[in-house]
Amino acid sequence: MNEVFEEMRIGSLRAKNRLVRAATYERLATEDGHLTPELAGIYDELAASGVGTIIVSYASVTRDEQPNPRMLGIYDDSFVPEYRSLVAAAHARDVRMISQIVYGGSATKLDPPSARILGPSAVASPKTGVVPVEATAEDLRMLVEAFAAAARRAQEAGFDGVELHAAHGYLLSQFLSPHLNLRTDEYGGGIENRVRLGAEVLAAIRREVGGEFPILVKLNSSDGVEGGLTEDDSLAAARLFAEAGATAIEASGAWRNCRVRDFAGEPFFAAYARRLVREAGVPAILTGGNRSVAAMERLAREDGIAGFGLCRPLICEPDLPLRWAADPAYQPRCVSCGSCDNTHGHRCILPGTPQVQA
C-alpha cells in the first residue's frame with residue numbers, strides 16, 4: 001500500500017492515513033466563538049472526505065482577545081458540549097480530531113482590535129501595524145493558565161489531541177521572533193529564552209491533560225524576513241518544545257513568500273521537515289504545497305515524515321483524499337489563487353466546487 005494511506009502514528013494518536021486537514025480559518029463561528037450550523041456542516045463534509053485527521057480551525061483561549069472576527073473560541077466550559085458533538089460526528093467516520101488553540105496578540109485583524117493586546121514587546125506587528133502592550137509577569141502567568149484550561153476543555157470534549165499555534169505571527173510566534181521580542185528578562189534574548197513562554201505553556205498543558213494526550217505545535221520553519229526567526233533557531237525551539245512535552249511539530253512557515261503556484265517540486269517546507277526528524281528527533285507533519293501523492297509517499301518512506309497537512313486543496317475539492325486513494329496520480333484542481341480568502345466561509349471560486357448550506 002502507498003505509505004500516504006497507511007496508518008499515521010504520532011504518540012498515542014492513531015489515524016487511518018497520513019493526510020491531515022490543516023487548521024483553516026472559516027470566519028463562520030458566532031461573534032463570541034461558538035459553532036454555527038454552517039461551520040458544523042463544513043466539518044461533516046471534511047470528515048466524509050477520506051482525510052484521516054482534522055485539525056479544527058484555531059480557537060481563542062481568552063474571552064477578551066480574538067485574532068480574527070467570527071473565529072472559534074474555547075475560553076470557557078460552555079464550549080465543551082458543542083465540541084463534544086462535533087468530535088463524536090467525526091469519530092463516527094473514523095476521523096481523528098485535534099483542537100488548535102491560540103492567542104493572537106498584535107496579529108489581530110479585528111477592527112477595532114481587542115481592548116488590550118499583549119505581546120513580548122511594544123513593537124508593531126509587520127502584518128497589521130498593531131502595537132501590543134508588553135506582557136508583564138502576571139500577564140504571562142494568565143496566558144499559561146488560559147492555554148492549559150483550553151487544552152483541558154479540548155480533552156473533555158473528546159478531541160484526540162491539541163495543537164499550540166506558535167506560527168504565522170501569533171503570540172507564541174512573536175515571542176520566538178528576535179524582531180518582535182526585544183525583552184531583556186528571561187523571556188528574551190537567545191532562543192532558549194524566547195521559547196520559554198511556549199515551553200511553560202506546554203508543560204502546564206501536559207500537567208493538565210496527562211502524559212499520553214497528544215500535544216502538537218505548529219511552528220514556522222523560519223519567519224522569512226530579515227531579523228525574524230531563522231531555521232536553525234526554529235529547530236532549536238522544536239527540540240525545546242519536545243523536551244517540554246510536545247508530541248509532534250507541524251512544519252509551516254511564511255507561506256506568502258513561497259512560489260505558491262510552482263508545485264512541480266517538493267512541498268514548500270520539506271527540507272526543514274527532514275531536519276526536524278533528523279536533528280530534532282520529533283515527529284513532523286508537513287504542511288504547505290502538498291499536491292503530489294508520489295512526493296508525499298517518498299517523504300514518508302525515505303525521510304520519516306509522519307503526516308501531510310492540506311488546506312486550500314480541501315477547500316477546492318473536499319473529496320480530494322478519496323480521489324487520491326482511487327488514483328494516486330490525480331492532479332488537484334487548486335491553483336492557490338488565494339481567492340478563497342475573500343469569500344463567505346472561505347470557499348473556492350472555481351466552478352463546480354460544492355458549497356455547504358447552513
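**Exercise 1. Strand β12 and its partners**

Task: Determine which residue of β12 stands opposite I249, and describe how the chain crosses from β12 to β13.

Solution.

Step 1. I249 has A284 of β12 opposite it. Strands, like helices, are DSSP runs numbered from the N terminus, with at least two residues (E) for a strand and at least four (H or I) for a helix.

Step 2. The model is predicted: local features need pLDDT of at least 70, side-chain atom pairs count only at pLDDT 80 or more, and totals for chains, interfaces and linings use all residues. Residues are numbered from 1 along each chain as its sequence is written, and side-chain values use heavy atoms, with hydrogens and water left out.

Step 3. β12 (residues 284–287) runs parallel to β11, and 3 bridges join them; two strands pair if DSSP finds at least two bridges between them. A251 stands opposite L286 in β12.

Step 4. β12 also pairs with strand β13 (residues 307–310), in the parallel sense and over 3 bridges. T287 has G309 of β13 as its bridge partner. From β12 the chain passes through helix α9 (residues 293–303) to β13, in a right-handed β-α-β crossover. Right-handed means that, with the strands pointing away from the viewer, the path from the first strand over the helix to the second runs clockwise.

Step 5. Both faces of β12 are covered: A284 and L286 are buried on one side, I285 and T287 on the other. Buried means under 20% relative accessible area, exposed over 50%, and partly exposed in between (1.4 Å probe, protein chains only).

**Exercise 2. Strand β11**

Task: State how many residues of β11 are buried, and which residue of β11 is the bridge partner of K218.

Solution.

Step 1. In strand β11 (residues 248–252), 5 of its 5 residues are buried. A248, E250 and S252 lie on one side, and I249 and A251 on the other.

Step 2. Strand β10 (residues 215–220) runs parallel to β11, joined to it by 5 bridges. The partner of K218 in β11 is E250. Between β10 and β11 the chain passes through α7, and this β-α-β crossover is right-handed.

**Exercise 3. Salt bridges**

Task: Identify which residue forms a salt bridge with E45, and decide whether E45 is buried or exposed.

Solution.

Step 1. Side chains of opposite charge can pair when their charged atoms come close. The rule for a salt bridge is a side-chain nitrogen of Lys or Arg within 4 Å of a carboxyl oxygen of Asp or Glu. By this rule there are 25 salt bridges.

Step 2. The partner of E45 is R347, with the closest N and O atoms 3.3 Å apart. This pair links distant parts of the chain, 302 residues apart: E45 is in helix α1 (residues 37–47), and R347 is in the segment after α11 (320–326). E45 is buried, because its relative accessible area is 18%. R347 also counts as buried, because its relative accessibility is 10%.

Step 3. A further salt bridge joins R275 and D232 at 3.0 Å, N to O. It links helix α8 (residues 270–280), which holds R275, with helix α7 (residues 231–244), which holds D232; the two residues are 43 apart. Both belong to a network of salt bridges together with E231, R278 and E279.

Step 4. E317 and R323 form a salt bridge with closest N and O atoms 3.6 Å apart. E317 counts as buried at 3% relative accessibility, whereas R323 counts as partly exposed at 35%.

**Exercise 4. Backbone angles and confidence**

Task: State where R27 is placed, and over which residues the pLDDT is below 50.

Solution.

Step 1. Most residues other than glycine have a negative phi, and most peptide bonds are trans. R27 is not a glycine, yet its phi is positive, about 60°. R27 is in the loop between β3 (19–21) and α1.

Step 2. R70, likewise a residue other than glycine, has a positive phi near 55°. R70 lies in the loop between β4 (53–60) and β5 (72–73).

Step 3. The mean pLDDT (the predictor's confidence in each residue, from 0 to 100) of the protein is 92, and 94% of its residues reach 70 or more. Over residues 255–261 the pLDDT is below 50, and this stretch has 15 contacts in the model beyond near neighbours in sequence. Contact means heavy atoms within 4.5 Å. Where pLDDT is low, the predicted coordinates should not be read in detail.
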